[in-house]
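Dear colleague,

Please find the structure below, followed by an account of what was found in it.

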Amino acid sequence: MTAASFSRLSTPLRIGRSTMRNRVLLAPMSVGYANRDGGATRAMAEHYGRRAQGGIGMVITENVAVNVAGRQMPLQPMLADPAAVPGFAAVASEIRRHGALAVMQIVHAGRYAGPWDVYEQARRLAPSAVAFPLTPGRVAMPAEMTLAEIEASVAAFANTAKLAQDAGFDGVELHAAQGFLISSFLSPRMNRRADRYGGDFAGRTRLLHEVLQAVRAAVAADFIVGLHLTSDELAAGGWTLADAVRLVGELGSAGLDFVMPIVATFETMRMPENDGLMGHPVFQHAQARAIKAATTLPVFTNGGISDPALIERILADEEADAVGLARPLFADPDWLEKVRDGSDIAVRRCGCETQLCLRTQLTGSQCQSWPEAVRARGFLGYGA
Ligand SMILES: Cc1cc2nc3c(=O)[nH]c(=O)nc-3n(C[C@H](O)[C@H](O)[C@H](O)COP(=O)(O)O)c2cc1C
Ligand code: SF4
């Protein structure tokens, strides 16, 4: 395929009342360049600004915690207080000045809250007290949230969304996947509650509906609100693709501007039947395609996709409206420019065996494919 053939990938896309200049976006990827208190740093601003400079249509940031109980990692960003807004404003400004839409992924980590040792004592918030393997060989027991804690979490999402808007972001993406708080309420494996937040489908999806409503009420009508949704928990007795299809059908377009479906949780990803999933090409596109068929909202697919010809095919067949790249853009922020120029050969490939980016999240993510000088600096920002 010649460079000129990448016309679909280069077509703008309407997201809510905004326009993405093309169909490629940075999928959320925790890099851990924030301060220990969750404040945004210059490294963070440059990291995201540099990905936007590569020409993509939207940057979705890594998951930003809505409060302390919802934070997972030591260098994870957190936006809970107006005092943190200026730091995040620099991040939004770097993304927007390079022409991409700036969307902040917002999360409550729920039962994955960290630092882990602290949460051996502190309440690790979850719908129900169901023990789970936090890491291989380490079992954790979360606490069943009270109604007051649920209410406070809903308010925390709305607060962070409003602060993201104050910081100049174009939108937020609600993280309802990977086993974090909202997705744990969706799952019958994790949610055994007998009150109105559990039981049947309506009960298990109630928290998500409430968060969505509270966030929408807190922000302007033209502020983008997206949903990062578990498409399939990939585990017996868990949230299924049929559930996700039903939910997006129910949600319609009320208050929501896009959906990004993602399979599995950290835990189900480690099950023998799902082992090595992230290393497979196109590993969650089948589920995204099913969700695309069930909604009129723009759907972003992602996961093991970096072949531009495949992206063209997915877009041509209307199996998704845009494609998210996480690791390929971490390895090479100029991926899009290079493939459009026809100089694919120059793309710095993602494909290491042991995924250095995953192993280094706690201290600031590194990529095996970066030149040595960039690794010595600690992040790939401007001038590289
Ligand atoms: C180091 C690392 C950190 C990630 N952090 C997040 C995150 O903060 N939020 C999220 O929704 N997904 C996260 N993901 C998942 C990615 O968004 C994406 O789904 C996954 O990497 C597959 O896409 P890719 O093949 O384009 O990398 C992360 C993935 C990696 C490798
Ligand atoms: S560290 Fe490895 S897996 Fe991660 S982005 Fe770089 S090449 Fe890809």
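Helix 1 passes helix 2 in a right-handed crossing, where right-handed denotes that the near helix is turned clockwise from the far one by less than a right angle. Helices (H or I, at least four residues) and strands (E, at least two) are DSSP runs, numbered from the N terminus. This is a predicted model, in which local features need pLDDT of at least 70 and side-chain atom pairs count only at pLDDT 80 or more, whereas totals for chains, interfaces and linings use all residues. Residues are numbered from 1 along each chain as its sequence is written, and chains are lettered from A and ligands numbered from 1 in the order in which they are written.

Helix 1 (residues 42-53) and helix 2 (residues 85-97) pack at about 15°, with their axes 7 Å apart; axes are lines fitted to C-alpha atoms, for helices over the stretch in contact, and angles run from 0 to 180 degrees between N-to-C directions. Helix 1 is therefore roughly parallel to helix 2 (angles under 35 degrees). In this contact (C-beta atoms, placed from the backbone, within 7 Å), helix 1 contributes Met44, Ala45, Glu46, Tyr48, Gly49 and Ala52, and helix 2 contributes Ala90, Val91, Glu94 and Ile95.

Strand 5 (residues 101-107) and strand 10 (residues 171-176) pair in the parallel sense over 4 bridges. Ile106 has Leu174 of strand 10 as its bridge partner.

Terms used
Parallel < 35°, antiparallel > 145°, perpendicular 65-115°, else oblique. Contact = placed C-beta atoms within 7 Å. Pairing = 2+ DSSP bridges.
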